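Thanks for making time. I have one structure to go through, and I'll take it region by region.

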Amino acid sequence: FAGTAAIVQPPTLSREDVSAAIDRFQLQRATAIGSGLILSLAAIFPDAGIDLSQVTGARLMPKAIGEKSTEKEFTPVEPGSYDSAAIILLTDGQRTTGPDSMDAAKMAADRGIKVYTVGVGTKDGETIGFEGWSMRVRLDEETLKKIALQTQGEYFYAGTAENLKAVYEKLGSRLTV
């Protein structure tokens, strides 16, 4: 996700596919954390009828008179109780657009999905450059810690490439099938 969210790797058990998807990442402007979380939930639960209108910006068409609802009834579960999937959120934590991050985290928690947050950047902020343009990023650890806590996940700080590698090694050992 950046200013919008898209599925670049559907849920999989293949570490190679996940690694390849990570290698394809391209930095972009804006941060729609809520969109990323909601789209991830829709990918994990494709038949749950999760409303993606706040992610895509498309309005849902109202039901015709007499048309039966196809929405599935939803009953929240215990946060962190779903063992078949997790979300790893790699970001500076500063939402600049899209649905509220904490509202999206509540959706994950209500579905039992743990969100492991990985913070990048510095608290003071820094300017990073790539592909001829630059942008200022500032780490919002407070939000990332709240998301992890609400979903029974865990927060990790990755200030360097070495830190990020260590985080992925820790997560790899925790999320084994």
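**From a loop to the core**

Let me start with Gln28, which sits in the loop between helix H1, residues 15–23, and helix H2. Keep in mind throughout that this is a predicted model.

Thr4 is 24 residues away from Gln28 in sequence, and the two C-alphas are 9.8 Å apart in space.

H2 is mostly covered, with 10 of the 12 residues buried. Among them are Ile33, Leu37, Ile38, Leu41 and Ile44, along with Gly34 and Gly36.

That brings us to the largest nonpolar core, which has 22 residues. Which residues have the most contacts inside it? They are Leu37, Leu41, Ile87, Leu89, Ile113 and Val115. At least two residues of this core come from each of H2, strand S1 at 86–91, helix H4 at 101–110 and helix H5 at 141–151. H2 gives the largest share, six residues.

Take Ile113 from that list. Setting aside neighbours within four places in sequence, Ile113 is in contact with Leu41, Ile44 and Phe45, then Tyr82, Ala85, Ala86 and Ile87, and also Ala108 and Thr151. Apart from this core there is another, of six residues, including Phe156, Ala158, Val167 and Leu171.

Next is Thr117, in strand S2, residues 114–119. Thr117 has a relative accessible area of 0%, so it is buried. What lies 3.0 Å from a polar atom of the Thr117 side chain? The backbone oxygen of Leu144 does. Leaving out residues up to four places away in sequence, Thr117 touches several others, among them Leu89, Leu144, Ile147, Ala148 and Phe156.

Last, Gln152, in the loop between H5 and strand S5, which covers 155–157. Most residues other than glycine have a negative phi. Gln152 is not a glycine, yet its phi is positive, about 65°. With a relative accessible area of 46%, Gln152 is partly exposed.

Conventions
Residues numbered from 1 in each chain as written. Predicted model: local features only at pLDDT ≥ 70, side-chain atom pairs only at ≥ 80, totals over all residues. Heavy atoms only, no water. Buried < 20%, exposed > 50% of the residue type's maximum accessible area, 1.4 Å probe, protein only. Helix = DSSP H or I, 4+ residues; strand = E, 2+ residues; numbered from the N terminus. Core = buried A, V, L, I, M, F, W, Y, C linked by side-chain atoms within 4.5 Å. Contact = heavy atoms within 4.5 Å. Polar contact = N/O pair within 3.5 Å; in protein donor to acceptor, adjacent residues only side chain to side chain.
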